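Please keep the sequence and the three-dimensional view at hand while reading.

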Amino acid sequence: MYELPGSLRLTSTFPFVGRSSQLETLRALMPTADGEGRRVVLLSGEPGSGKSRLVREFASEAAGLGALVLYGACDAVVRTPYGPFVEALEHATRVVDPAELRNALATSGGELTRLLPELPARVGDLPAPVEADADTERHRLHTAVTDLLVGLSARPVLLVLEDGHWADASTLLLLRHLARAAGNARVLLLVTFRDTEADVPEALSQTLADLRRSDDVVRLRLAGLSDDDVDAFLRHAAAGDAGPGQPELARAIGELTGGNAFLVCELWRALVETGIVEVGDGTIRATRPLAELGTPESVREVVSQRLSRLAPATTDLLELTAAAGSEFGLDIVRQASGLTEPDLLAALEEAVHSGMIEELPSRRLAYRFTHELVRRALYDRLSGVRRAELHLRVGEALERSEGRSGRALADLAHHFAAAAPLDGAQRGIEYNVRAARAAAAAVAFDEAATRLRTALELGIESPARRAEVFLELGTASHRAGDAVDALEAFQETAAIARELGDGELLARAAIGYEEACWRPGIADQGAVELLEEATAALGDDNLELRAGLLGGLARGLVFQGEHERGAIVRTNAVALARRLDDPVPLATVLVRSYWSRGTSSLDEILAMLTEAVDLGEELGDTEILAEAMAWRVPTFVALGDLDAARLEVAALLRTAERTAQPFILHVAEHYGSTIALCDGHLEEADARARHSHEWSRLLSGSDAAGVYGIQMFNIRREQGRLAELAPIIRILATDADRGGPWRPGLVSVLVELGMEAEARRELARVVDEGLDPFRESLWLASLAYLTDACAALGDEATAAIVYPELEPLAGTNVMIGHLVACHGAADRYLGMLAATLGEAERAEEHFERAMELNRRMGAVTWLAHTAYEYGRLLLTRGPGERDRADALLGEAAALAERIGMPALLGRVRALGGAGPTKRRPDELSAREVEILGLVARGMSNREIGATLFISEHTAANHIRSILRKTRCANRTEAASYAHRHGLVGA
């Protein structure tokens, strides 16, 4: 049996009643059998409802049955990064055999040293944690915690996280990760929190909403004790077992306390201590009428009444410990109290006997308040000066102790900040900055930003020092995903840099400001102005910083639409970086070359990105490597080279999976979804869009819902399922603040659903208002949707204003955003618009070019649409074009049926240009026919997976389904079946 954590070994003198059903539920949810996976229980109730007592009772049972019990509590006073997880994992490192612990760490153990710096002393040397972007560092840390729990779950594991309402942001993010990712761990994750409205912060509320989406999350709520529960409490309290009932007293106590378990215990204690009730011989006797029982209107009143019965020295000691925090060690209290040893021990004994504090089972003497409600009530009655005095005494006692762990720095920061009215600001500032750096090292950037704000609020007199802290605040806020706060901090830094005439400081502020704008897509003219100002101020004093300024300025100018100036600045940045003979600034500038699409040729951009890939590999810098590869994919697509794009996406995924980069995984999957849609693999496109969306939920400060929405719109349209999205698209289209392509998208939906009158009204509005409202976001998507609608309706007015906007794209692909979507050859849309305008010859030229490009790329989805639109045009040209039209419509129908595009297939058949298409035998899906053809060509599962960009496992599943449907015994019979049914090459 593993040793229980100290907080769970505490015993109570009060009976445990009224929670038998919840205890039984927890027993049933504990994953005790092999094969059972992770479960999550959210245990809630008002303050004092008995959550902690229920957890202690259950944990004791679980440990007795052989479970490894881990425990961590969120601190009500000092929030430390991942505080409860650190406490729980430190216990695991103490009680689990080192050899088993080493095996459980798998390959990611080095990341855990961010939380457990002493871990190598227990298990041996570990690699240093990987330095990367904030999302990657965070994901790698979360994965390492998950791996450890999976590795330890050869036996059941109970992980208790208590007081979730006080959790810091990093703890909540890790909790969400475990609830999604640790599915194969035999772990019961038990989280307690207060559910009264005032006690549920926004961050916790969002986490709870996210957790409730999971099927294996169970919600338990503790209500107040019933009169029968209170009566059972009294019987057990009086007789130790089951004495005679006291229904009247139970009813009176229940009414006075509302059944709150904490208040029931406290009122019972007060009744006994004051002699209002007497207990003897297993019976309870009231010495006064029950009507005279005092009402505990608040916890503060209960605490005040109890303090009045204590010695002054004990009261003083309790006030000191209330400032010290929920838990405190004897050594700190000894140094801070100033009491002699006998007086100190006497005061502690009385405080324990009173039930205000309790001794923690541990190797060192430590105590905690029996309930945070007690500590808070004590603290709230202190004056401001008294609080500052007590915090100063505690802070100085901590300062004299050894060790400066992340937790110790957070405590020192808290106490000296609170002591500033008496002690001055200096120590509060210093320790808050040091605590912020420790938090950043633990990938807890929200906490780091909070500490830095506290340091600034205390008042840093030196402008240079204040600027450095603002710069750190900007970086921490940016890495936490808070762009607004980051920009404000960098602006403050820049203002101080101007006052000081410090060009290097101004340059660092400008680079940080532009970087904070880029990821969330903030188009801020201020970024360009600040970069230009900093470039002029810096001169040639620091060429490496200057290269960074020029690289950011080039990107910022392009972001503002100033492509020519951006190209000039980028050329200068590359030249300067080459002069430095330092591959890092050169690679950084080259990675951003994708933004020169308005002035540099695609081949030139590809060459620069390829050089950046080579430099990333040479440096072993996975961030540079992955970012350069990520920009090469849309460059390949823009060049019409989908084969190269497919290979690059596969390589990008391998790189991102190896280094656990959530942002790159999100991007790679949304690229993969777009390409799969081009390839006619609708199920794969759907799955990859979902995977991309799941990865995006791990990103800080980034909302990828728009990307997911556009991708699912395009997929559902090809699947003939746009009706499912119509209500939400209508809402988005009417949101004046949202803008973007949703109004044109709605018109496209209306046409698909046969609501032509409303579609015509919407197109008329577009013509009247012009296209400018759609330019700001996903402009090409708006043009594509408007083209689909006006071509279907024959709306010449809309076609006349859209054609000149798309005409410059002739001969290229229509790529939405950074490969959020790709609709194949732009000439398809130009042909549709020209046909609508009655320019048949021009339309035919466009369609010919579109057919050639889409066929060459293997973009069969858009080839099918092009063949349909081209055939539709030829039908209007008279009987002489009937054969060509039928051939095109036949090709469109065959592709539409093979891919599974019922809406397009219906439109082809409505023209009467294509006869009924051949049904697939034995209810094989389009994907199964495709795979069966590859089997007939002798390909292995691995080769099929590589050809179709699916896993070998997925290919095997499809083949099993094929064999079952076709009743073939093996692959040889399946190949013969494919040839008999004409499926080879289908």
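## Terms and overall layout

Helices (H or I, at least four residues) and strands (E, at least two) are DSSP runs, numbered from the N terminus. The model is predicted, and local features need pLDDT of at least 70, side-chain atom pairs count only at pLDDT 80 or more, while totals for chains, interfaces and linings use all residues. Residues are numbered from 1 along each chain as its sequence is written, and side-chain values use heavy atoms, with hydrogens and water left out.

The protein has 48 helices and 12 strands. Its C-alpha atoms fill a box of roughly 110 × 75 × 60 Å along the principal axes. Of its 986 residues, 55% count as buried, where buried means under 20% relative accessible area, exposed over 50% and partly exposed in between (1.4 Å probe, protein chains only). Contact means heavy atoms within 4.5 Å. Among contacts between residues at least 6 apart in sequence, 67% join residues at least 24 apart.

## An exposed loop residue

Glu923 is placed in the loop between α44 (902-911) and α45 (926-936). Because its relative accessibility is 67%, Glu923 counts as exposed. Neighbours within four places in sequence aside, Glu923 is in contact with Glu928 and Lys965. The C-alpha atoms of Glu923 and Thr966 are separated by 9.0 Å, although these residues stand 43 residues apart along the chain.

## Nonpolar cores

In soluble globular proteins, nonpolar side chains tend to be buried together. A nonpolar core is a set of buried Ala, Val, Leu, Ile, Met, Phe, Trp, Tyr and Cys residues joined through side-chain atoms within 4.5 Å. The largest has 230 residues, of which Tyr82, Leu112, Leu159 and Leu178 touch the most other members. Another core, of 43 residues, lies apart from it and includes Ala322, Ala324, Val333 and Leu373.

Not counting residues up to four places away in sequence, the residues that Tyr82 touches include Leu115, Arg138, His142, Asp168 and Val443.

## Aromatic pairs and charges over rings

The structure holds nine aromatic pairs. Rings of Phe, Tyr and Trp (its six-membered ring) pair if their centres lie within 6.5 Å; planes under 30 degrees apart count as stacked, over 60 as edge-to-face and the rest as tilted. Phe328 and Tyr367 are stacked, at 6.0 Å centre to centre with 20 degrees between the planes. This pair links distant parts of the chain, with Phe328 in strand β8 (residues 327-329) and Tyr367 in strand β10 (residues 366-369), 39 residues apart. Both Phe328 and Tyr367 are buried.

Tyr594 and Trp631 are stacked because their ring centres are 4.6 Å apart and their planes lie at 15 degrees. Tyr594 belongs to the loop between α28 (583-591) and α29 (602-619), and Trp631 to helix α30 (residues 622-638). Tyr594 and Trp631 are both buried. Ring pairs also link Phe14, Phe233 and Trp268 into a cluster.

A charge sits over a ring if NZ of Lys or CZ of Arg is within 6 Å of the ring centre and within 35 degrees of the ring normal. Arg375 lies over the face of Tyr379, 5.7 Å from the ring centre. The charged end of Arg907 sits over the ring of Tyr868, 5.7 Å from its centre.
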